[in-house]
Amino acid sequence: MLFRSNGIFLEESVLSELRPGSDRINRVHVSVDAGDAETYALVRGGDWRRLERNLRWTSGERKRGRFESFVLLFVYRRENFRSMPAFARLGAELGADAVHFSPVQSWERAHLDYERTAVHLATHPEHSEFAEIREKVIRCEGVTLS
C-alpha cells in the first residue's frame with residue numbers, strides 16, 4: 001500500500017498508533033518541496049528539523065526492509081526552484097529510491113498567481129535561471145523531472 005505524506009507525522013510512534021493498517025504500508029512518497037530549512041519555511045511553514053528527522057527515520061526503515069520504496073517529491077515554482085539541487089543531494093544522502101520534480105499546476109484552490117509562480121514557463125522572467133538549475137539537477141542520478 002502506498003502512503004503519501006508531507007513527512008511531518010511520518011514517525012514510528014504515529015505509525016504504531018495506526019496499527020494494524022500501517023503494517024500494510026510498503027511504499028512511502030514524501031512531498032517536501034524544498035531542499036533546505038529556509039525554503040521549507042517559506043513554502044511550507046513547517047519544522048525542517050522534525051521533517052529531516054522523520055526522513056532519516058524513514059530512510060533507515062527502507063534500508064532495513066520495512067518499506068519497498070522511499071520516494072521524495074518536489075513541486076517546483078518561483079519560490080523554491082533554487083533549492084532543487086539541495087533537494088536532489090538530500091535524496092541521494094537519504095538513499096531515496098527516486099527524487100521526483102514536477103511543475104506547479106494551475107488550479108483554483110491553490111490561491112496563487114500561476115503566471116507569477118510558474119517559473120517553468122518560457123515566458124517567466126526567471127525561466128532561464130530555472131532552466132540552468134534544471135539541467136544541473138537532471139544530471140543527478142535517481143532524479144526524475146516531469
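Colleague: Where does D33 lie?

Modeller: D33 is in the loop between β2 and α2, the latter being residues 37–43. Bear in mind that this is a predicted model.

Colleague: What is the phi of D33?

Modeller: It is positive, about 65 degrees, although D33 is not a glycine. Most residues other than glycine have a negative phi.

Colleague: Is D33 buried or exposed?

Modeller: D33 is buried, because its relative accessible area is 6% and the cut-off for buried is under 20%.

Colleague: On to peptide bonds. Which residues does the cis one join?

Modeller: The cis peptide bond is between R19 and P20, with omega at about 10 degrees. P20 sits in the loop that runs between α1 (12–17) and β2 (27–31). Most peptide bonds are trans.

Colleague: Let's step back to the whole chain. How many helices and strands?

Modeller: There are six helices and five strands. Along the sequence they follow the pattern β-α-β-α-α-β-α-β-α-α-β.

Colleague: What share of the residues is buried?

Modeller: Buried residues are 45% of the 146. As for the surface, the chain exposes about 8,200 Å², and carbon and sulfur atoms supply 49% of that.

Colleague: And the contacts, what share join residues at least 24 apart?

Modeller: Taking contacts between residues at least 6 apart in sequence, 67% join residues at least 24 apart.

Colleague: New topic, aromatics. How many pairs are there?

Modeller: The structure holds seven aromatic pairs. In one of them, F74 and F101, the ring centres are 5.1 Å apart and the planes are at 50 degrees, so the pair is tilted.

Colleague: Which strands do F74 and F101 lie in?

Modeller: F74 is in β3 (residues 69–76) and F101 in β4 (residues 98–103), so the pair ties together parts 27 residues apart in sequence. Both F74 and F101 are buried.

Colleague: What about F81 and F130, how far apart are the ring centres?

Modeller: Their centres are 6.0 Å apart, and the planes are at 75 degrees, so that pair is edge-to-face. The pair links distant parts of the chain, with F81 in the loop between β3 and α4 and F130 in helix α6 (residues 127–138), 49 residues apart. F81 is buried at 0% relative accessible area, and F130 is likewise buried at 0% relative accessibility.

Colleague: Which residues form the aromatic cluster?

Modeller: F74, F87 and F101 form one cluster. F87 is among the buried residues of helix α4, residues 84–94, along with M84, A86, A88, L90, G91 and L94.

Colleague: And what follows α4?

Modeller: G95 follows α4, and its phi is positive, near 75 degrees.

Note on methods. Residues are numbered from 1 along each chain as its sequence is written. This is a predicted model: local features need pLDDT of at least 70, side-chain atom pairs count only at pLDDT 80 or more; totals for chains, interfaces and linings use all residues. Side-chain values use heavy atoms; hydrogens and water are left out. Helices (H or I, at least four residues) and strands (E, at least two) are DSSP runs, numbered from the N terminus. Buried means under 20% relative accessible area, exposed over 50%, partly exposed in between (1.4 Å probe, protein chains only). Contact means heavy atoms within 4.5 Å. Accessible areas come from the Shrake-Rupley method with a 1.4 Å probe; for residues, only the protein chains shown count as cover. Rings of Phe, Tyr and Trp (its six-membered ring) pair if their centres lie within 6.5 Å; planes under 30 degrees apart count as stacked, over 60 as edge-to-face and the rest as tilted.
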